Amino acid sequence: MAKREIYGVLIERLIQVTHQMHFDRDLYVELIHEICEVYHLAKGAIEFYSTPMMESLGKGEYYCDFDNGKAERIVLRERVVSTTKAVLIGTLYAEKGDPDRETEELNQLQNMLRIIIGFVSRRRLIATLEKFGFSDIDGYNNFRAFARYLDIENVENRLGGKVAFHIDLHNFGMVNHEIGRENGDKVLKNYYMMLQEAIGDKGFVARLGGDKFIGVFDRKVKRAVYDIFTGTPVSYGDESGNRVLITAAAGIYMLPNPFMMKTYGDIMDRIMIASSTAKREAGGSIVVYDDKMKARKEHVKKVQAEFREALKNEEFVVYYQPKVNIDTKKLSGSEALCRWIKDKNIVPPIEFIPILEMNTDICDLDFYMLDHVCSDIRRWLDEGREVVRVSVNFSRKHLVSIDFLDRIISTIDKYNVPHKYIEVELTETTTDVEFNDLKRVVCGLQKEGVWTAVDDFGVGYSSLNLIKDLPWNVLKIDKSFVPKSVDEEDSISNKMFKHVIALAHDIGLELVIEGVETLDQLDVLRLNNCEIAQGYFFDRPLPLKDFEDRLTQMVYS
Ligand code: C2E
Ligand code: MG
Ligand code: MG
């Protein structure tokens, strides 16, 4: 066959190979070898630089599909700059004694080389798109990669029985702060690789951004993966051998078997709900999704959506629960407790307070309560009634707010209510940061003559030391801490109760015992010299009119 005919065949095959949808690398390499043989070439190479600047620095990629090891001199060199300013250079080499090529042959080689360069640049573009499409700039698999994985597994019916997760690392901001951002990045990468290793090839892990990861794994590796979630030491990856303990809040969804995914939401919604529950709980927690969570999530959304309007419409009302001196049977004070009157039903605080505490909505409710209490007290005073002190609950969410104290005082003063009639109930705190805020508030209220009470003492991390350090007026003992009766005087609960009461008396705190329901409990209080009880034994929280009757009557029979 004449050279020209051979050229015709080669170029046709070249076009075919390089324009196929499914690139056949073996066929391509075979063809390149054939071309080099026919044209007596020693080597063919392509260089790729992302910009001309990178070219001048010599920083790029190099592809060579044929090299017989005898290349001595350049036959042809083609340099192309693409519209994206990428530089591609194709070079063909010959052996030492090889004669100069005729113009026609050079033209043929040039045409083929251009096809090859075009082809390489197209493939390079596709590879780049893949890379950026399915991984983030730090090289982690991204959500799109996860979605693609789910699609493939779903079609192959391989998702049933697997475990899907979303995790959010605990305090990673703090880790960054402590070991530096650069080391933090390394820890994150190592953590991701540890997860990938534990999950193996029957699952997938991707980063959702920041310190959040999602993925799927086989039930067989559940133990190993859970171990990582609950807490694992991760190295910075340098010689120092330094490691940090990483714990995660994990939301898990056990995919039923069989399982058919209709939308990504079938998996994503559930792991996100479980994960946000896990995040609210302390420590390296793992929460497995169940259908009740979805209902709960919807309830949360509903309350948050309806709150503002309900506040404006005055749907929240103050109930007053009396506090009674157990010796004199006299009404000694009362606690304001919130009720939501919604479509004629009474919604108890447990159904909305914790939700309002997820953001700062609670702060507006607390001041609404204080405002209404002050308005009631003002009216009672104006009516010439005998008035008792009313305690109002304030969420710990207020503590960080600088104007918390001023706002309390100005609300009370707006109604010209003597400060001694108001008591602020706050729960204990555990962190030093909060303690300082708490100190500022409690001391400030003390100075203003507003009473302060520690609420719910005995649940959580109670510490009398913490209480000793602040000038509280009242200690409210939680109902769960009160022994059922005096019968087992030596029981641990009785002993603890006795000591706490004695200590509180020592410090000079007034004691209020919450949740007193029975005569037996009243005996326990008497035995321990507790003065004031608040509980169903005397009264439940009462609507305004009923409480006003108690104010009139003043003494319990
Ligand atoms: P808390 O401040 O410890 O209030 C005492 C709770 O114990 C009240 O529940 C009261 O009804 C209940 N209780 C009183 N006596 C007895 C008894 O003898 N037996 C039993 N089993 N329970 C008794 P309630 O009204 O459901 O309020 C629950 C919690 O909601 C309150 O606990 C308080 O932490 C919070 N809360 C209520 N209103 C407000 C508010 O306006 N603002 C804030 N931030 N929290 C509030
Ligand atoms: Mg309270
Ligand atoms: Mg309480």
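Predicted model: local features only at pLDDT ≥ 70, side-chain atom pairs only at ≥ 80, totals over all residues.
Helix H1 covers residues 3-18, which makes 16 residues. From its first C-alpha to its last it reaches 22 Å, close to the 22 Å expected at 1.5 Å a residue. Its buried residues are Tyr7, Leu10, Ile11, Leu14, Val17 and Thr18. These residues cover an arc of only 125° around the axis, which puts them on the same side of H1. Glu12 and Gln16 lie on the other side of H1 and are exposed. The spacing along such a helix follows a general rule: an α-helix has 3.6 residues a turn, so residues three or four places apart point the same way.

Helix H16, residues 492-507, also has 16 residues. The span from its first C-alpha to its last is 23 Å, close to the 22 Å expected at 1.5 Å a residue. Asn494, Phe497, Val500, Ile501 and Ala504 are buried in H16. Their arc around the axis is only 135°, which puts them on the same side of H16. On the other side of H16, the exposed residues are Ile492, His499 and Asp506.

What do the buried residues of H16 pack against? Their partners are strand S17 (451-457), strand S18 (474-477), strand S19 (510-514) and helix H17 (519-527). Just after H16 comes Gly508, with a positive phi of about 95°.

**Packing of helix H12**

Two packed helices are described by the angle between their axes and the distance between the axes. The values for helix H12 (residues 361-382) with helix H13 (residues 404-414) and with helix H18 (residues 544-553) are set out below.

| Helix pair | Axes come within | Crossing angle |
|---|---|---|
| H12 and H13 | 8 Å | roughly 25° |
| H12 and H18 | 13 Å | roughly 40° |

The axes of H12 and H13 cross at roughly 25°, and that makes H12 roughly parallel to H13. H12 passes H13 in a right-handed crossing. On the H12 side, Asp364, Phe367, Leu370, Asp371 and Cys374 take part in the contact. They meet Phe404, Arg407, Ile408, Thr411, Ile412 and Lys414 in H13.

With H18, the axis of H12 crosses at roughly 40°, and H12 and H18 are therefore oblique to each other. H12 passes H18 in a right-handed crossing. Here the contact is made by Asp376, Arg379 and Trp380 of H12 together with Leu544, Phe547, Glu548 and Leu551 of H18.

**Backbone positions**

Where is the cis peptide bond that has an omega of about 5°? It joins Asn257 and Pro258. Pro258 sits in the loop between strand S10 (248-254) and helix H9 (265-280).

Asn157 is not a glycine, although its phi is positive, at about 60°. This residue belongs to the loop between helix H5 (143-155) and strand S5 (163-169). Asn157 is exposed, with a relative accessible area of 54%.

Met554, likewise not a glycine, has a positive phi of about 65°. It lies in the segment after H18. Is Met554 buried or exposed? Met554 is buried, because its relative accessible area is 6% and buried means under 20%.

Definitions and conventions
Residues numbered from 1 in each chain as written. Chains lettered and ligands numbered in written order. Heavy atoms only, no water. Helix = DSSP H or I, 4+ residues; strand = E, 2+ residues; numbered from the N terminus. Expected span 1.5 Å × (residues − 1). Buried < 20%, exposed > 50% of the residue type's maximum accessible area, 1.4 Å probe, protein only. Arc of directions from axis to C-beta. Axes fitted to C-alpha atoms, helices over the stretch in contact; angles between N-to-C directions. Parallel < 35°, antiparallel > 145°, perpendicular 65-115°, else oblique. Left-handed = near helix turned anticlockwise from the far one by under 90°. Contact = heavy atoms within 4.5 Å.
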